[in-house]
Amino acid sequence: MVRLLDGVKVFELGIAIASPNAGRLLAHHGAEVYKIESPTSPDIVRMIGSAWLRDNEELAPATPDSSPYVSEMNADKRSVALDLKRPEGRDAARRLLAECDVFLANFGARALTELGLDYASVKEVRPDIVYVQLPGFGSEPDTPYYPFVAWGPNQAPLVGIDDLTGHAGREPAGIATVAPPDYLSSLHAAFCVLTGLEERERSGEGVHVDIAQFETTVSLLLGPFVMDHALTGNVQSRIGNRSLWYAPEGVYPCRGEERWIAISVVDDDAWAALLTLAPAEWADDERFASNEARLANVEALDDAVAAWTVGFSSTDLAARLQEAGVAAHIVATNEDLLQDKQVMESGWYQARPSARFTRDLFSTFPIRMTETPGRWERGGPSTGEHTVEVLTGTVGMSETEVADLVEGGAAFTMDRPDLRVDRPYEDWLHILFPQDAVDGRDL
Amino acid sequence: MSRPFEGVKVVDLSGLAGSYATRMLAALGAEVLKIEPPTGSPLRRMSPFIDGAREPEHSLWWAYLAMGTHSAVVDLDDEGDRARLAAALATADVVIDDHGPDVLDGFGVGYRATGEINPGVIWVSISAFGLEGPKRSWTSSNLVAWAASGVLYTTGFDDQPPVVPAGPAQMGMHATALNAAIGAVLGLRGRRLTGRGQLVDLSLAETCLAFSPETGVPVFLDDRVHRVRAGNRRTLSRPFGIYPCSDGFVSILVLMPRHWESMAEWVHEVCDNESIIDPVFADMAVRGQTMELVDGWVEELTTSMTLLEFFQEGQRRGIPITPVNTVETLLIDPHLEAVDYWDKVELPDGGDATIPGPSFRTNQGWWSLGRAPRLGEHTTDLPVV
C-alpha cells in the first residue's frame with residue numbers, strides 16, 4: 001500500500017524526544033528519515049542503556065542500542081553516523097542534505113550555526129528545504145536566553161506547568177516522570193513539517209519554522225490563564241485533581257495498597273448516573289444538589305466520595321461507573337497496563353526486529369489514519385547501521401570514498417554487527433500480545 | 001507569501017479536545033466554522049470569565065481558543081438545522097468531531113452520512129478510548145485519560161494521592177487537538193495523492209499514552225521496575241528536579257558530564273565543598289545512589305540565592321537550569337518581552353487582552369488570527385437548504 005510520505009527524505013539531528021518523536025511519525029508514514037548521530041556525540045538515549053546488558057561483559061557493546069527509547073523514538077529511521085565536527089563529516093552531511101526535503105533538529109540554535117546547519121546555510125544547499133527546528137529559546141541571536149540550555153524535563157517548570165501540578169498549598173509536585181513540553185513541541189514540529197511539504201507543493205517554496213519550546217508550550221497551554229492574569233491580576237496555580245468547572249473530580253482511594261480511581265463527574269447527567277451507584281443519602285443532601293452546590297462544598301463531597309470508593313476494587317468500580325455513564329478509570333501503574341485489553345489488543349505496542357534485537361518493542365502513534373495507515377518495519381537503528389547504504393545510495397559516494405571517511409574518523413559504521421541479542425521478554429511476548437499484529441511472525 | 005490552508009474549509013464539531021486544532025488551522029488560513037448548540041459551545045461555560053462581559057461571550061477559554069473562527073448555531077434536534085449542517089458538511093474539506101462513537105451518526109450528520117455524499121472529507125474523530133475495542137463506549141476527561149496512561153500514578157508525592165500533570169491547563173485535551181491537526185494535514189496530503197478522504201480515529205487515551213513511554217510496557221518489560229511517585233525529583237540521577245531558592249523554586253537537570261562538572265565546581269567554589277569534586281561523583285549512577293548526599297550539597301547552594309540569580313548564573317555556567325514559572329513570572333519574563341512574544345486580542349464582547357503569541361514562527365508569514373466570534377455571529381454562513 002502507498003504510504004503518505006513515500007519518497008520524502010528527512011535529515012534529522014535529534015536528541016531524546018522533541019525532534020525524534022516527530023521524525024518517527026514521518027518514518028511511520030514512509031519517509032526516509034536519516035538520523036544523523038555519532039558515537040562521539042551520541043543521542044542521550046544511547047547513554048542510558050539497559051541494566052541487564054550493561055553489566056554483562058559479553059553483551060555490553062549492545063548497550064547504546066538498548067534503551068527502550070531507541071525504538072520508541074527512532075523506529076524505522078536510518079542511522080547515518082557522521083562526526084560533524086570534522087570538515088569531511090560536515091561535507092558528507094551537506095551532500096546528504098542536498099538530497100533531502102526536510103531538515104528537522106532539536107539541537108540548540110547556536111550549535112546548529114556552529115555546525116554550519118543554520119537555516120541560511122542549509123538553504124544554500126537545498127533552496128526549497130522545509131526547515132523545522134526546535135530550539136528551547138528560539139533561533140534569534142541577541143535575545144536574552146539565546147545561549148541558554150534548556151532540555152525537555154526543565155521546560156515543564158519553565159513554561160509554568162510544573163507550578164500547575166500538585167496539591168494546593170504544597171510545593172509544586174512537578175511532572176517528574178515525563179517531559180510533556182518535548183512531546184508537545186514534537187507534535188507542533190510534525191504539523192509544521194507536513195504543512196510545509198504541502199505548501200511547497202503549492203508554492204514551490206520551502207519554509208523556515210522556529211518552534212521555540214518556551215513560546216510554543218505557553219501558547220498551547222496557558223492562553224486563558226495569561227489573559228486572566230493580564231486582566232485581573234489573578235494567578236491560577238495548582239489545585240490538585242480538582243476541576244475549576246465541576247465536582248466531584250478527583251483521585252480517590254480504593255481497596256488495597258496504593259490503589260486509586262480517577263472519577264470525573266462532568267455534568268448533571270453524570271451526577272445522576274453516579275447516584276445510581278452511590279450511597280442513597282447523597283441524593284437528598286442539599287450540599288450536593290447542583291453542580292454549583294457541589295463546587296461550593298467540594299471538601300465535604302471529596303471526603304464522601306473517598307469514604308465510598310475505598311470499599312471497592314478499583315477495577316470493578318471503574319467498570320461499574322463507566323457502565324452507568326460516569327467517566328472513570330483506575331489510576332494505572334505500569335504493571336496494570338499489561339492487563340489493559342484496550343491497550344494490549346489494539347496494536348498500540350509493536351514488536352519488530354532490529355539490527356541488534358531479535359524483536360524490539362515500541363509504541364505506535366495515536367493518529368490512526370484508517371485509509372492510509374502507516375506501517376512499522378524495524379525497531380530503532382544501531383548507531384551507523386545505515387552509514388554505508390545511505391552515503392553510497394542516496395548521496396552517491398563511491399565505496400572507497402565512504403571507506404576513507406570511516407578510516408579518517410569522519411563517519412562510523414555499526415559496532416559489532418555480529419552481536420545479536422534477545423530482549424528479556426523475547427520468549428513470551430506472544431503471551432502478552434495475543435493478536436497477530438505483533439510482527440507478522442506466526443505466533 | 002501565502003498561508004498554507006487558504007481555501008480549506010473546516011467544520012468544527014468539537015469542544016475542548018479539538019479547539020486548539022481548529023485555532024491553529026485558522027491561524028494558517030483555513031476557513032473554520034464552529035458549530036455551536038443554541039446554548040453555546042461548552043467552552044463558553046468554562047471559567048475564568050471576563051468581568052463585565054455578557055454571557056455567553058465572557059469565557060476566556062472561548063476568547064482564546066476560538067480565535068480566527070466563525071460561529072454558526074445549529075440545533076441538532078431541529079430538522080431544518082440538521083439539513084443545513086449536512087449541507088455544510090457536504091462541502092467541507094476537514095471535520096473535527098469530538099462527540100465520540102456513533103453520536104453524530106445518530107443525528108444523520110456523522111461520518112457515515114457525510115462520507116457518502118462527500119468522499120473527499122477528512123473526518124477526524126476524537127473519542128475517549130477510540131472507535132474500537134472494549135472501552136469504545138467509555139467516556140473520559142483530562143484526568144481520566146492521564147489516569148489510564150500510567151503517568152498520573154507516578155506524579156506527586158508519596159504521602160498524598162497521585163496528581164494530574166498540569167491540572168487546570170487540561171494538557172491532555174490540547175495534546176489531543178494537536179494530534180487532530182496533524183491527522184487533518186495527513187488527510188489532506190492523502191487526498192491530494194489518492195483523491196479520497198478518510199476517517200481519522202484519534203483518542204484522548206492514546207494521546208496521553210503516547211506521552212508516557214516511561215510508564216509504558218516496553219520500558220517495564222525491559223527493566224521490570226515498578227514506577228512510583230517520587231515527588232518532584234527524578235530517581236535517574238541528581239541533581240535532577242525542583243530545588244528551593246530563597247524566593248521560589250528552580251529546576252535543575254544535570255545528566256551530561258559537562259553539566260555535572262560545572263555544577264560540582266560551582267558548589268565547590270561557593271560552599272567550599274571539597275567532596276563534591278571527587279571524580280567518583282562524575283558517574284551519574286553514583287549520584288543516583290547517593291542522592292540525599294548530593295541533593296544536600298546542591299541545596300546549600302540553591303537556598304543561598306534568589307531564583308533569578310540562580311537561574312542566570314547557572315545558565316552562564318552552561319548548566320540546564322530554569323525557573324519554576326507561574327503566569328505572573330512569565331508575563332514579566334525578560335526574554336519573552338525581548339522577543340516580542342505577547343500579543344493582544346480583541347475580546348468577543350469588546351475590550352482587549354494580552355495573549356500568548358503565535359505557537360511557532362515562520363519566515364513565510366503563515367500565522368495570523370483575529371478575535372473569537374460571538375455566538376451565532378456567522379450562522380448565515382450555513383448553506384440555505
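Because the model is predicted, local features need pLDDT of at least 70 and side-chain atom pairs count only at pLDDT 80 or more, while totals for chains, interfaces and linings use all residues. Residues are numbered from 1 along each chain as its sequence is written, chains are lettered from A and ligands numbered from 1 in the order in which they are written, and side-chain values use heavy atoms, with hydrogens and water left out.

**Chain A overall**

Chain A has 20 helices and 13 strands, where helices (H or I, at least four residues) and strands (E, at least two) are DSSP runs numbered from the N terminus. Its C-alpha trace spans about 85 × 55 × 45 Å along the principal axes. Of the 443 residues in chain A, 63% are buried, a term that means under 20% relative accessible area, with exposed over 50% and partly exposed in between (1.4 Å probe, protein chains only). Chain A exposes about 15700 Å², of which carbon and sulfur atoms supply 48%; accessible areas come from the Shrake-Rupley method with a 1.4 Å probe, and for residues only the protein chains shown count as cover. Among contacts in chain A with a separation of 6 or more, 71% are between residues 24 or more positions apart, contact meaning heavy atoms within 4.5 Å.

**A sheet with strands from both chains**

An open sheet of eight strands has the order β13(A)-β3(A)-β2(A)-β1(A)-β4(A)-β5(A)-β6(A)-β12(B), with mixed pairing. Its edges are β13 (411-412) of chain A and β12 (361-362) of chain B, each with a single partner strand, so one side of each is left without a neighbour in the sheet. Two strands pair if DSSP finds at least two bridges between them. The antiparallel pairs below include the one that links the two chains.

| Strand pair | Bridges | Residues opposite each other |
|---|---|---|
| β6(A) and β12(B) | two | Asp210(A) and Arg361(B) |
| β7(B) and β8(B) | five | Tyr243(B) and Val250(B) |

Helix α8 (residues 180-203) of chain A lies across β4, β5 and β6 of chain A and runs at about 165 degrees to β5(A); axes are lines fitted to C-alpha atoms, for helices over the stretch in contact, and angles run from 0 to 180 degrees between N-to-C directions.

**Strand β9(A) and Asp336(A)**

In strand β9 (residues 327-330) of chain A, Ala327(A) and His329(A) point one way and Ala328(A) and Ile330(A) the other, and all are buried. Asp336(A), found in helix α16 (residues 334-338) of chain A, counts as buried because its relative accessibility is 15%. Not counting residues up to four places away in sequence, Asp336(A) touches Arg259(A), Ile330(A) and Val331(A). Its side chain makes a polar contact with the side chain of Arg259(A) at 2.7 Å; such a contact is a pair of N or O atoms within 3.5 Å, where within protein one must be able to donate a hydrogen and the other to accept it, and residues adjacent in sequence count only if both atoms are side-chain atoms.

**Chain B**

Three strands form an open antiparallel sheet in the order β7-β8-β9 (chain B). The edge strands are β7 (240-244) and β9 (321-323), each pairing on one side only. Helix α11 (residues 291-302) of chain B lies across β7 and β8, running at about 45 degrees to β7(B).

In helix α3 (residues 79-90) of chain B, Asp81(B), Leu85(B), Ala87(B), Ala88(B) and Leu89(B) are buried. At the start of α3(B), a side-chain oxygen of Asp78(B) reaches to within 2.9 Å of the backbone nitrogen of Gly80(B).
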